[in-house]
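Subject: Structure handover

Hello,

Here is the structure I promised to pass on to you.

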Amino acid sequence: MRSLENGVSPSSVYYNFSPSLLAREHLLYVVCAGDFTYAPGYELNRTSFDSYLMEVILEGQVQITTEGEHLTARAGQAVLLDCNRPHRYASDTGWHALWVHFDGAAAKGYYSLVKRLNGLVFATHRLQEVHGALQSIFDMFHLGQPLSEPRMALLLTQALTALTESAEPALIGGRAGLIDRAVACINRHVGDEPPVAELARMVGLSEYHFIRVFRQVMGVTPRQYIIMSRMNHARYLLKTTTLSVGEISGMAGYASESMFTAAFRRTQGMTPTRYRTGSQP
């Protein structure tokens, strides 16, 4: 469909999509997709549009106001907005963007993660991957291809996953990469994890700085993550083996069955025995 919106070039094209009930309940899904060129002086104030917006700025720049932030998105940057909240776009120069409004079961989680890691407007070394995914979605409509909901969900997932990586190339292998190394070490040695101080030394950070950065990246402290890993390992053993609770407690890194049972009850809300005899996961 050609855009009829004031301030948008008549050559701009968009497509609306009505997802199935199954997609609404279980998948990421497209609400609409477009390739728009906005004229200088364009402005939009909107209280709500029930979706999230993922956009790649191809030319020009636009000022965005949302969630109390005043942001400028320029060519070569990605934008991710929660359009359920009031938002405003305006540009004195105009801009060209490829965009997709989307929603679905995982949309809020992806939005929160990207916002926490990179913000709402940012450059990314994976912009071409995001651009390619959005272009593929747009082309499904524009070129008359079959509108496969699983395919669209996969493309949205690929684009959003790319946006969760470090915003700047200089940060690749930086603090997020350091934490990835620590997480890998913890998961390789569940029940016999190195002390937090040793994990910090392993990645070249002070213990204080390591704990702070780990929490920024993972949302929990190293100690909390170790406990989560131990409980995950214990749950698997309880459901898939006939090992005794005492044996599993040692494999999960606890000095006694009573300490393990107390930790399991505190974190899982039930005893290991009750978990084992309850409904299968």
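**Overall shape**

The chain has a radius of gyration of 24 Å, whereas a compact globule of 281 residues would come near 19 Å. That radius is taken over C-alpha atoms, and the globule rule is 2.2 Å times the number of residues to the power 0.38. Along its principal axes, the C-alpha trace spans about 70 × 45 × 30 Å.

Before you read on, please note that this is a predicted model: local features need pLDDT of at least 70, side-chain atom pairs count only at pLDDT 80 or more, and totals for chains, interfaces and linings use all residues. Residues are numbered from 1 along each chain as its sequence is written, and side-chain values use heavy atoms, with hydrogens and water left out.

**Fold and surface**

The chain has 11 helices and nine strands. These are DSSP runs numbered from the N terminus, with helices being H or I of at least four residues and strands E of at least two. Of contacts (heavy atoms within 4.5 Å) between residues at least 6 apart in sequence, 69% join residues at least 24 apart.

Of the 281 residues, 46% count as buried. Buried means under 20% relative accessible area, exposed over 50%, and partly exposed in between, with a 1.4 Å probe and protein chains only. The chain exposes about 14100 Å², and carbon and sulfur atoms supply 54% of that area. Accessible areas come from the Shrake-Rupley method with a 1.4 Å probe, and for residues only the protein chains shown count as cover.

The largest nonpolar core has 58 residues, and M54, Y89 and F102 have the most contacts inside it. Such a core is a set of buried Ala, Val, Leu, Ile, Met, Phe, Trp, Tyr and Cys residues joined through side-chain atoms within 4.5 Å. A second, separate core of 18 residues includes I186, L205, V217 and V220. Leaving aside residues up to four places away in sequence, Y89 touches several residues, including Y42, L53, I64 and W95.

**Two residues to look at**

R151 sits in helix α4 (residues 149–163) and is partly exposed, at 39% relative accessibility. From R151 to M202 there are 51 residues in sequence and 41 Å in space, C-alpha to C-alpha.

T273 belongs to helix α11 (residues 272–277). T273 is also partly exposed, with a relative accessible area of 47%. T273 and L238 are 35 residues apart in sequence and 8.2 Å apart in space, C-alpha to C-alpha.

Best wishes
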